[in-house]
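Take a look at the structure first, then read on.

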Amino acid sequence: MNILYQVRYGKPSNPFHWNVGITVHSKKQNENKMKIKNLNLNIKKMIKVGIHFGHKTKKRNPKMAPYILKERKNSHLLNLNYTTHFLSQACNFLFDASNKGKQFMIVGTKNHTTDAAKLAALAARCHYVNKKWLAGMLTNWFTTETRLNKFKSLTKQKNMEDRFTKKEAAIFNRDLNKLQNDLEGIRYMTELPDIVIILDQKGEYTAIRECKRLGIPTICLVDTDCDPNVVDIPIPANDDGRGPIQLVLNEFISAIRAGKEKK
């Protein structure tokens, strides 16, 4: 553990596994599980971007108590020992899944996550939702698939727009723009994703509930006002700052890319 971290934030305690169904495996299973060889989580960089900054003490969720290191100026500081531990677990999980050809989805519909979600998804070649989560997007997959087919059909007809009357063209563009705004990030998705990455738990509860109902594993940033129990792999981190979110996403991108290259 980095000396700077110990001086500022004290000696780390032994990390524990929150959701054992995802993160803990038998010795025999671990032998067959692929891991990233050169995963290097830089504590100094984490501190610099403020990944350890939590919310005001009055906003604390009691279930986040094990992840909180201490209180400072009426705000909580997260224990980076847990952050690095669970981030490492998540990266190895993504690496292994990517190597097996699994499909991923990144969800970030809040103002500070929209651009990061899209850019990360494009870099890792996975699906994303960064505008609005449509209720039933996953649980009502038949309807979503129907809308995707309509979106593809209208896109193909774009070159034929000059054949429409003025009124028909206006209706056509309105429908196409609506579908593009809602489905742009999942336009190439042909089946449900295998793993969903959530960037803001408080703002994406509908997505989390749908994943939980369908049994889709979720990886999620959890700040001091979140509930780590509702996701499969919680990563204690500041989910309000662009810097911390980008740092975590960069690790995820590297893990997914490495898994694909390892095939």
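Which residues in helix 6 meet which residues in helix 10? Ala116, Ala117, Ala120, Ala123 and Ala124 in helix 6 meet Ile245, Gln246, Leu249, Ile253, Ile256, Arg257 and Lys260 in helix 10, where contact means heavy atoms within 4.5 Å. Keep in mind that this is a predicted model, where local features need pLDDT of at least 70, side-chain atom pairs count only at pLDDT 80 or more, and totals for chains, interfaces and linings use all residues. Residues are numbered from 1 along each chain as its sequence is written, and side-chain values use heavy atoms, leaving out hydrogens and water.

**Helix 6 and helix 10**

- The axes of helix 6 (residues 114–124) and helix 10 (residues 242–261) come within 9 Å and cross at roughly 15 degrees (axes are lines fitted to C-alpha atoms, for helices over the stretch in contact, and angles run from 0 to 180 degrees between N-to-C directions).
- That makes helix 6 roughly parallel to helix 10 (angles under 35 degrees count as roughly parallel, over 145 as roughly antiparallel, 65 to 115 as roughly perpendicular and the rest as oblique).

**Helix 7 and helix 8**

- Here the axes of helix 7 (residues 141–156) and helix 8 (residues 166–183) come within 10 Å, crossing at roughly 130 degrees.
- That makes helix 7 oblique to helix 8.

**Strands 2 and 3**

- Strand 2 (residues 68–72) and strand 3 (residues 75–78) run antiparallel, joined by 4 bridges (strands pair if DSSP finds at least two bridges between them; helices, H or I, at least four residues, and strands, E, at least two, are DSSP runs numbered from the N terminus).
- Lys70 has Leu77 in strand 3 as its bridge partner.
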